[in-house]
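Please read it alongside the sequence and coordinates.

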Amino acid sequence: MYHFTFDMPTRVLFGPGMLKELHKEALPGKKALIATSNGTSVKKFGYLAALEHELDLAGTGYELFDQVRPNPTRDNVMDGAALARKTGCDFVIALGGGSVMDCSKCIALMMTNGGDIWDYSLSVDGGKKEPAHKAAPIVCITTSAGTGSEVDMASVITNEKTREKTGIFFYSMFPTLSVVDADLMMSVPPKFTAYQGMDAFYHASESVINRNEHPLGEMFSLKAIELIARYLPRACKDGSDKEARAFVALANTFAGYYMLCTSQHTMEHVMGGYHDDLVHGAGLIMISHAYFNFFAEKKAAEEPMIKMAKAMGVKDPKSGMDFIKALDALIAAVGCAELRMSDAGITREELKKYPQRVHEVLGGDITADPLPLSDADYLEIYGKSYK
């Protein structure tokens, strides 16, 4: 019999145009730190102005922190928390994609706790402390469909000094309220639509092969896989396809509801720790064929892979290799078949450093793979992925 705990404390407003409903909600504070990226998209496309209008209607004050990097850093977190305390903010609103939401969760933690964010990291160089206080309340308004951060407590932060890209997560970092409005995703370019959508796909597919998967998690994951396989190629081909955008957004949220990632995510975090400009979803795509094929060749995950192949539209799949073919076809359909690790600055020589780092950073549960992977196995997967 299965034993699991399911708790979803985040209220979700889902659907195109739902940002316009925000002022009707009971917001969790009187003054918000609005966290956005250091790019221009939320201002250029009017998303920031729309949020500020909603806050004005709600009678809620706000301060802007627009310095979050694509791979958010320890310094981003500490700078944001310092600004929030200085200006009297009592909650955080994340307006952006996964990086902004992740950074905002850690900013919220450091608004109420002393020290440095790395004091609370579980990585090899982290302090591994428990926070004395709950994080400040968090509202997430996602402008991308990839991380599922709007419905989970996890964040991924980079410490540039130690070259660690790792997860930081505590229960109080669950968002109080999230808005998933696909109208805010229409401006995402095809390349990043693909990277983000495939990140969500791997959240789901890693969960399905995870040894600790159970019926509730599998239900969310298989539906996410089905929707991404059907709609992500459409969203990449035509960013103005509202139906495709909405269903990819739904898939992303489903994948975030019960995310049980395996070592693939940890392997990518190692890559990202050495190459800060590497987009997370792109890194996952680079290693995914070799990663899943490793288990398919050994018939270590036949039943879950057959289920995933069916969800992707394969008629009468017979083995895990049918899933591998479907995966390769999906990667090609979203324009990512030619991604190269070398184009991200990764050298074949540095791959030798990676297996040890898998044990030192956090991403997925490396003990939950269909088969235990040795350092030689990790190196083999990296090596077969390299081009």
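1. Glu218, Leu222, Ile225 and Glu226 of helix α6 are in contact (heavy atoms within 4.5 Å) with Lys307, Met308 and Ala311 of helix α10. By class, this contact comprises four nonpolar, no polar and three charged residues. The model is predicted, with local features needing pLDDT of at least 70 and side-chain atom pairs counting only at pLDDT 80 or more, whereas totals for chains, interfaces and linings use all residues. Residues are numbered from 1 along each chain as its sequence is written, and side-chain values use heavy atoms, with hydrogens and water left out.

2. The axes of α6 (residues 215–237) and α10 (residues 302–311), which are lines fitted to C-alpha atoms over the stretch in contact, come within 8 Å and cross at roughly 45 degrees. α6 is therefore oblique to α10, since angles under 35 degrees count as roughly parallel, over 145 as roughly antiparallel, 65 to 115 as roughly perpendicular and the rest as oblique.

3. Strand β2 (residues 31–37) is largely enclosed by the rest of the structure, because five of its seven residues are buried, that is, under 20% relative accessible area with a 1.4 Å probe and protein chains only. β2 runs parallel to strand β3 (residues 61–68), joined by six bridges, with Ser37 partnered by Val68.

Definitions and conventions: Axes are lines fitted to C-alpha atoms, for helices over the stretch in contact, and angles run from 0 to 180 degrees between N-to-C directions. Helices (H or I, at least four residues) and strands (E, at least two) are DSSP runs, numbered from the N terminus. Ala, Val, Leu, Ile, Met, Phe, Trp, Tyr, Cys and Pro count as nonpolar, Asp, Glu, Lys and Arg as charged, and the others, Gly among them, as polar. Buried means under 20% relative accessible area, exposed over 50%, partly exposed in between (1.4 Å probe, protein chains only). Two strands pair if DSSP finds at least two bridges between them.
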